[in-house]
Amino acid sequence: MKTPVTVLGLGAMGTALAQAFLAAGHPTTVWNRTPGRSPELEGAIRATTAAEAVAASPLVVVCLLIDTTVRETLEGIDVTGRVIVNLTNGTPDQARSLEAAVPGAAYLDGGIMAVPAMIGGPHAFILYSGDTAAYERHQADLAVLARPLYVGADAGLAALYDIALLSAMYGMFGGAQHALALVHSAKIPAVEFTEQLLVPWVTAMLGSLPQMAADLDQPSERGAAGSNLAMQAAAYHNLLDTAVAQGVDPMLLVPMGALLQKAVASGHGDEDLAALIRLLG
Ligand code: FVH
């Protein structure tokens, strides 16, 4: 028989996780603060309390709104002998603290790198960290949700990777959204611009990331800058001025301009974009 699992939280993501477990044949107990959510979960066992749901399965997946929600939900519940897999978004410190707050349970923290529609599909992956033995015992169970990637025994590591990847995503979307606001201000069709220019351009620029990362890892092997920062800082004013002239709020672009100025002022004008990473910390 497949491992019985419990899913705490039937928001958009919790529902997708429960659906994937059910589709894979796992006896699946679900609980949600507001009863009656996700009637589409046919075959799920509906617990009336979180305690009842935790008691029902050795593997308990938690997917609630934020860290506080998880703490309030698990408070006072006997989790002895359970494997708690917390897939709620949080910080590394919150993950470590939660691990300490569930004595008697094995704790895994996770970062879901997918939107709900991707769960159970080929492009989703989930980062895990924490109790190594618990991960090895349940790796196959967790694989029905998304490709599992274990990143270390420190419970905070999955959150660190997750937050790093989300930070990159928001930065990327922020730049693209500014670009779209700019072309929209000039009544340029957004879809055509996106498909023919924006996506190919961003895709081509992403190709420079591995070299940027290599420069960070091995500064002694850094090559000459192809596009130096002094040149980029000089041109960057045009991005801000054009936004203002078009009536577009430059708020998403301003921080990068400030960082470029700081790099040049501190003597890094002849280096390339990798130097900005070192200025951040
Ligand atoms: N959806 C996504 O695209 C992202 C993908 C990456 C991972 N995130 C994180 O997953 C967590 C859950 O996200 P979600 O999409 O399921 O969120 P909602 O649909 O808004 O559902 C929220 C659930 O949390 C329950 N809840 C809220 N407050 C409380 C509380 N005080 N006590 C108990 N439960 C609470 C809520 O219950 P209800 O409102 O239906 O009663 C939902 O079950 C999240 O960390 C994302 O960052 C998703």
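I began with the contacts (heavy atoms within 4.5 Å) between two helices: Leu 229, Ala 230, Gln 232, Ala 233, Tyr 236, His 237 and Leu 240 of α9 meet Val 254, Met 256, Gly 257, Leu 260, Gln 261, Ala 263 and Val 264 of α10. I sorted the residues of this contact into 10 nonpolar, 4 polar and no charged. Here Ala, Val, Leu, Ile, Met, Phe, Trp, Tyr, Cys and Pro count as nonpolar, Asp, Glu, Lys and Arg as charged, and the others, Gly among them, as polar.

The model is predicted, with local features needing pLDDT of at least 70 and side-chain atom pairs pLDDT 80 or more, while totals for chains, interfaces and linings use all residues. Residues are numbered from 1 along each chain as its sequence is written, and side-chain values use heavy atoms, without hydrogens and water.

Next I took the geometry. The axes (lines fitted to C-alpha atoms over the stretch in contact, angles from 0 to 180 degrees between N-to-C directions) of α9 (residues 229-246) and α10 (residues 254-265) come within 9 Å and cross at roughly 150°. I therefore noted α9 as roughly antiparallel to α10 (over 145 degrees). Helices are DSSP runs of H or I of at least four residues, strands runs of E of at least two, numbered from the N terminus.

I then turned to the nonpolar cores (buried Ala, Val, Leu, Ile, Met, Phe, Trp, Tyr and Cys joined through side-chain atoms within 4.5 Å; buried is under 20% relative accessible area, 1.4 Å probe, protein chains only). The largest has 32 residues, and Leu 17, Val 85, Leu 87, Ile 112 and Leu 145 have the most contacts inside it. Helix α1 gives the largest share of this core, 7 residues.

For Ile 112, neighbours within four places in sequence left aside, I listed contacts including Met 13, Leu 17, Leu 87 and Phe 125. Apart from this core I found another, of 20 residues, among them Ala 50, Val 54, Leu 64 and Ile 77.

How values were computed. Parallel < 35°, antiparallel > 145°, perpendicular 65-115°, else oblique. Buried < 20%, exposed > 50% of the residue type's maximum accessible area, 1.4 Å probe, protein only.
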